Amino acid sequence: MLLISSPKDLALIIRQGGVIAYPTEGVWGLGCDPFNEQAVKRILTLKSRPMEKGLILVGGHANHLKPWTDTLEQKAAERLISQTETPTSWVVPDTSIAPAFVRGEHQSVAIRLCRHQPVQALCDAFNGVIVSTSANPAGLEPAISAIEVDNYFGNRIDAIYDAPLGNATQPSQVKDILTGKLFRA
């Protein structure tokens, strides 16, 4: 298990096409550059997840989400970058920003503005959004420790971010940015 505490070092791994595990608000996530098709496909293989389902993206600050906020009406854009009581990933219309291998079969992408400091530091070091999917193979519970991540994936990932997990008790909820429809509680 390669533990790395430097967001800059982790961002370099991501830029080079690597896959990392990192602590989010409530569970551990797997991340990579969402514009690197090989890295995204590697995560899908690790999780045994079909590409059609799509993946969530996470940013640490509003400027990371600007490509999407620029396409939304003001109220929806404000919702996307607002602070929510429960970590919330918003499903945003998208046919031209996130690649199809991230969107899956959808004409949208799920995006979350994360308030968890380690994720903010990682996205700042990377200077943009990264993939944020729970660190678990399909059918198993999401990892809630670096040891569980290592047990699931071992040396099939490039690094584990040595930082604390947030205080949320479950993965983010997923809601439609335009209608408020809840997809995952």
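## Salt bridges

A residue counts as exposed when its relative accessible area is over 50%, and as buried when that area is under 20%; what falls in between is partly exposed. Asp-70, at 52% relative accessibility, is therefore exposed. The model is predicted. In it, Asp-70 pairs with Lys-66 in a salt bridge, with 3.0 Å from N to O. Lys-66 has a relative accessible area of 44%, so this residue is partly exposed.

A search of the whole structure gives four salt bridges. Another of them joins the side chains of Arg-112 and Glu-25, again described by an N to O distance of 3.0 Å. Arg-112 sits in strand β6 (residues 108-113), while Glu-25 sits in the loop between β2 (20-23) and β3 (28-31), so the pair ties together parts that are 87 residues apart in sequence. Both Arg-112 and Glu-25 are buried.

Asp-158 and Arg-42 also form a salt bridge, and their closest N and O atoms are 2.8 Å apart. Asp-158 belongs to the loop between α7 (146-153) and β9 (159-161), and Arg-42 to helix α2 (residues 37-47), so this bridge ties together parts 116 residues apart in sequence. Asp-158 is partly exposed, at 30% relative accessibility. Arg-42 is partly exposed too, at 26%. Side chains of opposite charge can pair when their charged atoms come close.

## Helix α1

Helix α1 spans residues 7-15. Its buried residues are Pro-7, Leu-10, Ala-11, Ile-13 and Ile-14. Seen down the axis of α1, these residues fall within an arc of 155°, so they line one face of the helix. An α-helix has 3.6 residues a turn, so residues three or four places apart point the same way.

Several elements cover the buried residues of α1. Among them are the strands β1 (3-4), β2, β7 (130-131) and β9. Helix α6 (117-126) is also part of the cover. Gly-17 follows α1, and its phi is positive, near 95°.

## Helix α2

Which residues of α2 are buried? They are Ala-39, Val-40, Ile-43, Leu-44, Leu-46 and Lys-47. These residues cover an arc of only 160° around the axis, which puts them on the same side of α2. The face turned away from that buried side carries the exposed residues Gln-38 and Thr-45.

The cover over the buried residues of α2 includes the strands β3, β7 and β8 (133-134). It also includes the helices α5 (100-103) and α7.

Asn-36 caps the N-terminal end of α2. A side-chain oxygen of Asn-36 lies 3.1 Å from the backbone nitrogen of Gln-38. After α2 comes Ser-48, with a positive phi near 55°.

## An aromatic pair

How many aromatic pairs are there? The count comes to one. The rings of Tyr-152 and Phe-153 have centres 6.0 Å apart and planes at 70°, so the pair is edge-to-face. Phe-153 is buried, with a relative accessible area of 2%.

At 39% relative accessibility, Asp-124 is partly exposed.

Which residues does Asp-124 touch, not counting residues up to four places away in sequence? They are His-61 and His-64. The C-alpha atoms of Asp-124 and His-61 are 7.8 Å apart, although the two residues are 63 residues apart in sequence. With His-64, the side chain of Asp-124 makes a polar contact of 3.3 Å.

Leu-182 is found in strand β11 (residues 182-184). Its relative accessible area is 43%, so Leu-182 is partly exposed. Leaving aside residues up to four places away in sequence, Leu-182 touches Gln-173, Val-174 and Lys-175. Leu-182 and Trp-90 are 92 residues apart in sequence, yet their C-alpha atoms are 9.5 Å apart in space.

An unreviewed UniProt entry places the feature "domain: YrdC-like" at residues 4-185. Over residues 4-185 the chain is 29% helix and 21% strand. The end C-alpha atoms of that stretch are 32 Å apart.

Key
Residues are numbered from 1 along each chain as its sequence is written. This is a predicted model: local features need pLDDT of at least 70, side-chain atom pairs count only at pLDDT 80 or more; totals for chains, interfaces and linings use all residues. Side-chain values use heavy atoms; hydrogens and water are left out. Helices (H or I, at least four residues) and strands (E, at least two) are DSSP runs, numbered from the N terminus. Buried means under 20% relative accessible area, exposed over 50%, partly exposed in between (1.4 Å probe, protein chains only). The arc is that of the directions from the helix axis to the C-beta atoms. Contact means heavy atoms within 4.5 Å. UniProt positions are given in the numbering used here, feature names are shortened, and annotations may be inferred rather than shown by experiment. A polar contact is a pair of N or O atoms within 3.5 Å; within protein, one must be able to donate a hydrogen and the other to accept it, and residues adjacent in sequence count only if both atoms are side-chain atoms. Rings of Phe, Tyr and Trp (its six-membered ring) pair if their centres lie within 6.5 Å; planes under 30 degrees apart count as stacked, over 60 as edge-to-face and the rest as tilted.
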